[in-house]
Amino acid sequence: MEIILNALKGSFSLTIKLLIIILPLTISYEFLKDRTFFSGTKPFRFMGITRPGLVPLVTGVIIGLTYGAGVIIHSIRAYNIGQREAFLILLFLSVCHAIFEDTLIFVVIGADGLVLVIARLILAFALTYLAYRARLFDK
Amino acid sequence: MDFSQPFKRGLLNGLSITYTMVKVIVPCYVAMEVIKSLGLIEAISRICRPAMGIFGLPGEAALGLIAGYTINLYAAIAVLTPLHLSGKDITILALMLGICHSLTVETPVTRKTGVNAWSLLAVRILLSLFSGVVLNLLWKLF
């Protein structure tokens, strides 16, 4: 019984810590969502991602695949993003998504956040660039 | 501009995420404490030590890795917290899990975008393992 009680206490304090991180993220996302904050960014042409492709890309990097799924799927269809570019976007996102949330929740239990963000960004850019140059997954 | 609408939407989204999270965290946390009290951690650790050694991780870290790959990151965190691992171990696990997690949920999502989800799945698993090995080596260097 004491074990269960301990576990409940532990999971409660863990949940509170995660809640403190998640709420500001979801609230600030709602404020950013409708702004045209994509328009200032230079297209990521060098790795085969065009300006319309930045909408699903940035959405995924910031809020993740599970909660960003709606926007990602919709924008890939609405902007007529090709199969090849869609693959590159998803490849980038596979390695690097929900970058704030995923990083912070591990920082709560003791991880080094800077190492995580840098490592994931480098891996994502490198992999996407290589896949683009190598025409690896072209039909 | 009306600030209360987006604020409310964000708050509700955050709370609904937290609700989903609690449903995963509590059972995983309780299960881990029970496993711990039964003394099973040592046995699991011994079995998984050779495999986890590649990433410089203790054997019991395998539990967190499996929970993250198959369920989600919250499950992984609930499993890892009672284990009290070092900062280095958590960072390596976080990188591996950040690249590859919730495969049961996210693979169907990527399939809906019309891209080849299976090759993405393979890339994620391989890259996750690869990044764990590399980060461990880099950590030893510096």
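**Helix packing and ring pairs**

Modeller: Let's start with H4(A) and H7(B), which are roughly parallel to each other (under 35 degrees; over 145 is roughly antiparallel, 65 to 115 roughly perpendicular, the rest oblique). The helices (H or I, at least four residues) and strands (E, at least two) are DSSP runs numbered from the N terminus. Bear in mind this is a predicted model, where local features need pLDDT of at least 70 and side-chain atom pairs 80 or more, while totals for chains, interfaces and linings use all residues. Residues count from 1 along each chain as written, chains are lettered from A and ligands numbered from 1 in the order written, and side-chain values use heavy atoms, without hydrogens and water.

Biologist: At what angle do the axes of H4 of chain A and H7 of chain B cross?

Modeller: Roughly 30 degrees, with the axes coming within 10 Å. Axes are lines fitted to C-alpha atoms, for helices over the stretch in contact, with angles from 0 to 180 degrees between N-to-C directions.

Biologist: And which residues of H4(A) and H7(B) meet?

Modeller: From H4(A), A:Phe87, A:Leu90, A:Leu91, A:Ser94 and A:Val95 meet B:Ser119, B:Leu120, B:Val123, B:Arg124 and B:Leu127 of H7(B), contact being heavy atoms within 4.5 Å.

Biologist: Switching topic: which element of chain A has the lowest mean pLDDT?

Modeller: Helix H3 (residues 65-78), at 78, whereas H6(A) has the highest at 92. Chain A averages 83, and 88% of its residues reach 70 or more; pLDDT is the predictor's per-residue confidence, from 0 to 100.

Biologist: Where do A:Phe46 and A:Phe125 sit in the chain?

Modeller: A:Phe46 is in the loop between H1 (2-33) and H2 (54-63), and A:Phe125 in H6 (residues 113-134), 79 residues apart.

Biologist: Why is the pair of A:Phe46 and A:Tyr129 called tilted?

Modeller: Because their planes are at 40 degrees, with the ring centres 6.0 Å apart. A:Tyr129 lies in helix H6, so this pair ties together parts 83 residues apart in sequence.

Biologist: Which residues make up the ring cluster?

Modeller: A:Phe46, A:Phe92, A:Phe125 and A:Tyr129.

Definitions and conventions:
Phe/Tyr/Trp six-rings, centres within 6.5 Å; stacked < 30°, edge-to-face > 60°.
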